[in-house]
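The following note is intended for a colleague who is meeting this structure for the first time. Please read the numbered points alongside the sequence and the model.

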Amino acid sequence: MKVLAVNGGPRKNWNTATLLKQAMEGAVSAGAEVELINLYDLDYKGCISCFACKRIGSKSYGNCAVKDDLKPLFEKIQNADALILGSPIYLGMVTGEMRSFLERLIFQYLVYDKNYSNLNQNKIPVGLIYTMNVPEAYLDKVGYKQMFSTTIENPLARTFGETESLFVTDTYQFDDYTKYESSAFNEEEKAKRREEIFPEDCKKAYDMGYRFGKR
Ligand SMILES: Cc1cc2nc3c(=O)[nH]c(=O)nc-3n(C[C@H](O)[C@H](O)[C@H](O)COP(=O)(O)O)c2cc1C
């Protein structure tokens, strides 16, 4: 049993990375092998629209033809039993790196036939951990759940079979709020949330990892 975690954020010890590490600990406690990949360590771009993955007779039919750092990662995903993707929300979406990775991951398996069938053979659960500044009470107002369901979770579910999402809101953003212009936020409330709610979010991530690792 192998659980692969992918961090779509640039920071390796902050909110997103912490939650992914918790998920991996959960998976390990269920007996799984784990590996964490940081997208910001890799050299790649988004889909270049070459359509080699759709060209009839192409040796890359159903596979991304671009040879860069995503190629070995796609192979790892084909050999994984579960995948957990984590990303901060930047300007209302997962990071550009996560988005570019998802374009390439998903599009290669999508067939332009009448049914839009799918060539991915490795059906595995995909977990999504989103971290963001917006408070929980604003989640509906900003429409993130609906938007990510349409743009991320549904395409992933069509490719891999199923997804599960964790929304981690109102995250602590800097090491010291006094050093940054941050009058938009109430630092005390942020610190309180980090102390009281973030550990619960970590537990949810751990439980996701455990569930995936157990299957
Ligand atoms: C460039 C940038 C854009 C951001 N845009 C948003 C946003 O649109 N919505 C939001 O809720 N948080 C936004 N944030 C806050 C981050 O999503 C949030 O702090 C996240 O937890 C950071 O993850 P990290 O601690 O793993 O780096 C933004 C942060 C940065 C640096």
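1. Ser149 lies in helix α5 (residues 144-160); helices (H or I, at least four residues) and strands (E, at least two) are DSSP runs, numbered from the N terminus. Apart from neighbours within four places in sequence, Ser149 is in contact with Asn154 and Pro155, where contact means heavy atoms within 4.5 Å. The C-alpha atoms of Ser149 and Lys203 are separated by 23 Å, and these residues are 54 apart along the chain.

2. On the basis of the note: this is a predicted model, in which local features need pLDDT of at least 70 and side-chain atom pairs count only at pLDDT 80 or more, while totals for chains, interfaces and linings use all residues. Residues are numbered from 1 along each chain as its sequence is written, and side-chain values use heavy atoms, with hydrogens and water left out.

3. The structure holds 13 aromatic pairs. Rings of Phe, Tyr and Trp (its six-membered ring) pair if their centres lie within 6.5 Å; planes under 30 degrees apart count as stacked, over 60 as edge-to-face and the rest as tilted. Tyr112 and Tyr116 form an edge-to-face pair, 6.4 Å centre to centre with 90° between the planes. Tyr112 is exposed, at a relative accessible area of 51%, and Tyr116 is exposed at 54%; buried means under 20% relative accessible area, exposed over 50%, and partly exposed in between (1.4 Å probe, protein chains only).

4. The ring centres of Tyr130 and Phe167 are 4.8 Å apart and their planes lie at 45°, so this pair is tilted. The pair links distant parts of the chain, with Tyr130 in strand β5 (residues 125-131) and Phe167 in strand β6 (residues 162-168), 37 residues apart. Both Tyr130 and Phe167 are buried.

5. One aromatic cluster is formed by Tyr172, Phe174, Tyr177, Tyr180 and Phe185. The charged end of Lys190 sits over the ring of Phe185, 5.1 Å from its centre; the criterion is NZ of Lys or CZ of Arg within 6 Å of the ring centre and within 35 degrees of the ring normal. Arg11 lies over the face of Trp14, at 4.0 Å from the ring centre.

6. Helix α1 (residues 15-29) and helix α7 (residues 198-214) pack at an angle of about 40°, with their axes 6 Å apart. Axes are lines fitted to C-alpha atoms, for helices over the stretch in contact, and angles run from 0 to 180 degrees between N-to-C directions. Helix α1 is therefore oblique to α7; angles under 35 degrees count as roughly parallel, over 145 as roughly antiparallel, 65 to 115 as roughly perpendicular and the rest as oblique. Residues making the contact include Leu19 and Ala23 of α1 and Ala205 and Tyr206 of α7.

7. The axes of helix α6 (residues 187-196) and α7 come within 4 Å and cross at roughly 40°, which makes α6 oblique to α7. Here Arg193, Arg194, Glu195 and Glu196 in α6 meet Phe198, Pro199 and Glu200 in α7.

8. Which backbone values deserve a check? Phi of Asp170 is near 55°, a positive value in a residue other than glycine. Most residues other than glycine have a negative phi. Asp170 is found in the loop between β6 and α6 and is buried, with a relative accessible area of 18%.
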